[in-house]
Amino acid sequence: MKLPDPVIEIIREIENNDFEAYLVGKTVYECLEGESTDSYSLISNAPISFFLNSIIEWKLIEEDMLQYITPPHDNSTIISVKIFHDSLEQYFHTCSYTFEAIAMTKDGILFDDESGLNDCKYHVLRTISDPNSIIVKDPTIVMTSLLYATKYDLRYHPSLTRAIADNSNLIQEIPPEVILHYFQNMLACSNPGWGVEILIKNNLLSLVIGKSIDISIKENEEIALDLYCKNIHKTKPIIRNRLCAFYLCFVNNRDLEVINHLPYDTSLLSTYKYIRENLSTILSKHSRYSLKRFIYNQGSNNYRLLDDMNKIICKVFDVGCSEAYKRQEMLCDIINKGEAIFLDDLQITSQDLIETAVVTTVEDTASILESILKHIHFFPMKNEKSYLLKIAKKARAKKAVITKIQKILSNG
């Protein structure tokens with residue numbers, strides 16, 4: 001076991017002043033297993049003043065917790081120190097989980113009466129005392145468990161899972177601001193997808209999302225998505241909740257990372273990703289031409305998906321939907337007047353192009369028809385066969401010139 005020099009120096013300074021210092025928690029397991037880490041947790045009975053008067057620039061992050069981040073010469077190391085006021089044994093009595101009740105001196109002397117190292121080895125989150133009585137006493141332990149499990153990639157011990165299920169009524173009493181605090185911290189972990197999966201497995205996702213929404217105005221997007229799923233697609237509640245979770249993660253820019261960790265139905269995830277990536281593009285479609293091009297390129301179903309989502313977000317944010325309704329009126333007028341949007345709407349077919357010798361093969365018709373449709377999107381009243389044949393001949397001639405130029409350039 002080799003500790004970084006800054007950690008050894010800090011422990012040595014504490015001990016040289018007749019105080020105690022121990023490595024604790026999962027840090028001990030990582031050190032013993034030789035796993036790389038940039039974060040070290042210590043406890044000490046030295047007073048706060050000892051650290052604040054040190055030459056090291058300690059930062060007081062809680063009433064009894066300090067943190068020091070080494071200068072970033074290569075990679076910074078985060079060293080946290082929690083103050084305990086009595087004996088090491090008394091400190092262990094304050095621990096809720098077995099992985100917390102592990103301590104080790106800088107010389108490798110171990111204290112592990114609760115088998116925390118074994119739980120770390122098998123990635124298990126287990127409480128020291130009966131989890132049922134802990135939750136009855138303080139339901140917030142459910143959110144603490146979620147955060148630790150997400151942060152350290154741990155699985156709940158069966159006893160903890162049962163206790164959560166048996167005390168669901170008490171969990172409802174956790175204040176919304178507490179739930180939102182822990183949930184946002186969970187999203188800040190390196191693998192937030194695991195945290196969402198834990199919530200789903202323990203039937204807590206609806207509760208957490210619901211309470212977070214209650215007090216968080218700026219997370220209105222997930223309400224919009226919930227309304228969209230509920231009113232438009234009539235999806236199952238569990239799917240709505242997952243989508244809401246993704247959208248809440250979107251506020252924290254972690255939604256795509258969450259999605260990549262969850263083995264959900266690919267069509268659902270594709271739909272979400274499409275909404276995520278394309279919702280803003282529909283807002284720029286103000287002209288008939290741009291609207292028709294957008295629908296042609298994206299497809300009518302995807303257009304309706306984005307348009308519905310846009311209207312509901314406007315409703316949730318209580319902002320005007322005038323642009324959305326103008327776009328809707330414009331589309332209705334386009335349809336009523338029979339203006340071409342798709343290739344099938346053209347008054348000419350690939351067979352017409354072949355029969356009139358504009359092209360010689362079916363393969364050559366695709367680009368010609370694409371060019372014609374783009375022209376008709378701009379001049380909808382000219383969608384007549386005779387006119388389109390003239391346009392087709394011009395398009396073919398243009399294509400021939402381009403092909404000739406490309407050959408010349410390729411031959412040097």
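Predicted model: local features only at pLDDT ≥ 70, side-chain atom pairs only at ≥ 80, totals over all residues.
Colleague: Fine. What volume does the largest pocket have?
Modeller: The largest pocket has a volume of about 1300 Å³. Its lining is made up of 40 residues, and the closest to the centre of the pocket are S41, M65, Y148, K151 and Y152.

Colleague: Which element gives the most to that lining?
Modeller: That is α7, with six residues. The elements that each supply at least two residues include the helices α2 (26–33), α4 (88–93) and α7 (141–152), and also the strands β2 (39–44), β3 (59–62), β4 (65–69) and β5 (78–83).

Colleague: And how do the residues of the lining divide into nonpolar, polar and charged?
Modeller: The lining has 17 nonpolar residues and 14 polar ones, while the other nine are charged.

Colleague: Switching topic, how many aromatic pairs does the structure hold?
Modeller: There are 16 aromatic pairs in the structure. One of them joins F51 and W58 in an edge-to-face arrangement, with 5.3 Å centre to centre and 80° between the planes.

Colleague: Are F51 and W58 buried or exposed?
Modeller: F51 counts as buried because its relative accessibility is 1%, and W58 also counts as buried, at 10% relative accessibility, since the cut-off for buried is under 20%.

Colleague: Which aromatic cluster has W58 in it?
Modeller: F51 and W58 belong to one aromatic cluster together with F19, F50 and Y68.

Colleague: What about Y91 and F92, how are those rings arranged?
Modeller: Y91 and F92 form a tilted pair, with their centres 5.9 Å apart and an angle of 55° between the planes. Y91 counts as buried at 10% relative accessibility, and F92 is buried as well, with a relative accessible area of 17%.

Colleague: Which charged residues lie over rings?
Modeller: Among them is R155, which lies over the face of W194 at 4.1 Å from the ring centre. Another case is K382, whose charged end sits over the ring of F379, 5.2 Å from the centre of that ring.

Colleague: Last one, what span does helix α10 reach?
Modeller: Helix α10 covers residues 176–187, twelve in number, and reaches 16 Å from its first C-alpha to its last, which is close to the 16 Å expected at 1.5 Å a residue.

Colleague: Which residues are buried in α10?
Modeller: The buried residues in α10 are I179, L180, Y182, F183, M186 and L187. As background, residues three or four places apart point the same way because an α-helix has 3.6 residues a turn.

How values were computed: Residues numbered from 1 in each chain as written. Heavy atoms only, no water. 1 Å grid on protein atoms, 1.4 Å probe; cavity = no way out; pocket = protein on both sides within 12 Å on 5 of 7 lines; lining within 4 Å. Points joined across faces, edges and corners; volume = space filled by probe spheres on them. Helix = DSSP H or I, 4+ residues; strand = E, 2+ residues; numbered from the N terminus. Nonpolar A, V, L, I, M, F, W, Y, C, P; charged D, E, K, R; others polar. Phe/Tyr/Trp six-rings, centres within 6.5 Å; stacked < 30°, edge-to-face > 60°. Buried < 20%, exposed > 50% of the residue type's maximum accessible area, 1.4 Å probe, protein only. Lys NZ or Arg CZ within 6 Å of the ring centre and 35° of its normal. Expected span 1.5 Å × (residues − 1).
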